[in-house]
Amino acid sequence: MLCMTSILPVTSVPEVRAAVAGLPAYVAGKSAQTAVTAALASNESHFPPLPSVVEAIAAEAGRIHRYPSMGAVEAREAIARHHGVTADEVAAGPGSSGVLQQIISAVCGHGDEVVFAWRSFEAYPILAAVAGAVSIRVPLQADEHHDLDAMAAAITDRTRLVILCSPNNPTGVSVSASALEQFLQSVPPRVLVVLDEAYIEFQRGPGVDALDFYRRYPNLCILRTFSKAYGLAGLRIGYAIARPHIAEGLRRTAIPFGVNRMAQAAAVASLAAGDEIRERTEAVAMERTRVIEALRGYGWDVPDSQANFYWLRASDELREQLLAALGEADILARGYAVDGVRITLADADTNNRVLAVLADRARFVPGSGTAR
Ligand SMILES: *Cc1c(COP(=O)(O)O)cnc(C)c1O
């Protein structure tokens, strides 16, 4: 009898979809893999976990033979109380990247379009492609702001989702309330607009009151994370606030039990420690002002950042020089081909080490690349 394998071509092996094979790999900062003394490539909190949060995590560790709450019920209730919404308007996931994956699979079918600014968070095009959706990248303006007019104009009949990132990763620049108002007025109500506020706790001065916008625009979805200001990057929990039918859709597309017990408990404990978190974000915001002013004094062109990092737009040549000079000082920053270098803020001593490397502007090639 003929063996089946003998009639198959020898190259016949399982293949991943072309859309997946063509994806860039998500380049995580190297903090965990290498022993650099200043890991400034992932926008993590440089503060150790709060004692009350560690305690909550330790208590849950004794219960990990049991599944966590499927719907992350207590965490969602705490999040809802924190924002003055109901728990049925909250969907949690393993990091806000996980929630964003749920959002895209809940609202986008094959070939549907997702509009976002570029450069922005590198997970956006990856998550869109995995879902079979099409990324529409709208270049940032020369001053690094979202070009909201161009983004509104990019919306077609196939557009299901627009993602705004404010403060934007990697540039740190925020969308203003007036610009958001005008944008939401012009977006068809059937298009879901996700406002990714991963760094919003670091925002100072006038910004967007997302909850106010959310109450007035039913097609707005707020995306938040515990990974940055709350310092829970290693635990993986984030959430969306959306109208109940959307939030329900997100929960349906979630991996069952995707948010683990310790993450759920840590989120509840973190929200109860608001004052301590606020002290920490205040320290970062003060360092941000000091560092950016110093850099501008040295002759660097640095946009106003509202996040826990700052941005140096740079040509490929300047980027390579910067990363090499920082690397020699045992500092790891994040480089982006064509666009520039992003550096996470940390404690004053570490920030000063970066300033020492950048103090002599003339040591580096002039200009900052503007290719978009
Ligand atoms: C870090 C980040 C996130 C979320 O990260 P998670 O750890 O998955 O919660 C989301 N959006 C932006 C813009 C980020 O920089």
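Buried means under 20% relative accessible area, exposed over 50%, and partly exposed in between, with a 1.4 Å probe and protein chains only. Helices (H or I, at least four residues) and strands (E, at least two) are DSSP runs, numbered from the N terminus. The model is predicted: local features need pLDDT of at least 70, side-chain atom pairs count only at pLDDT 80 or more, and totals for chains, interfaces and linings use all residues. Residues are numbered from 1 along each chain as its sequence is written, and side-chain values use heavy atoms, without hydrogens and water.

Start at helix H9 (residues 244-253). Its buried residues are Ile246, Ala247 and Leu250. They cover an arc of only 100° around the axis, so they sit on the same side of H9. That arc is taken from the directions from the helix axis to the C-beta atoms. His245 and Arg252 are exposed on the other side of H9. The buried residues of H9 pack against strand S2 (90-93), helix H4 (95-107), strand S6 (192-196) and strand S8 (238-241); contact means heavy atoms within 4.5 Å.

Now the cores. A nonpolar core is a set of buried Ala, Val, Leu, Ile, Met, Phe, Trp, Tyr and Cys residues joined through side-chain atoms within 4.5 Å. The largest has 54 residues, of which Met151, Val162, Leu164, Phe183 and Phe226 touch the most other members. Helix H10 (residues 261-271) gives the largest share of this core, six residues. A second, separate core of 33 residues includes Ala314, Leu318, Val341 and Leu355.

Finally, the surface. Methionine 70 lies in the loop between helix H2 (51-61) and helix H3 (73-83). Methionine 70 is exposed, at 55% relative accessible area.
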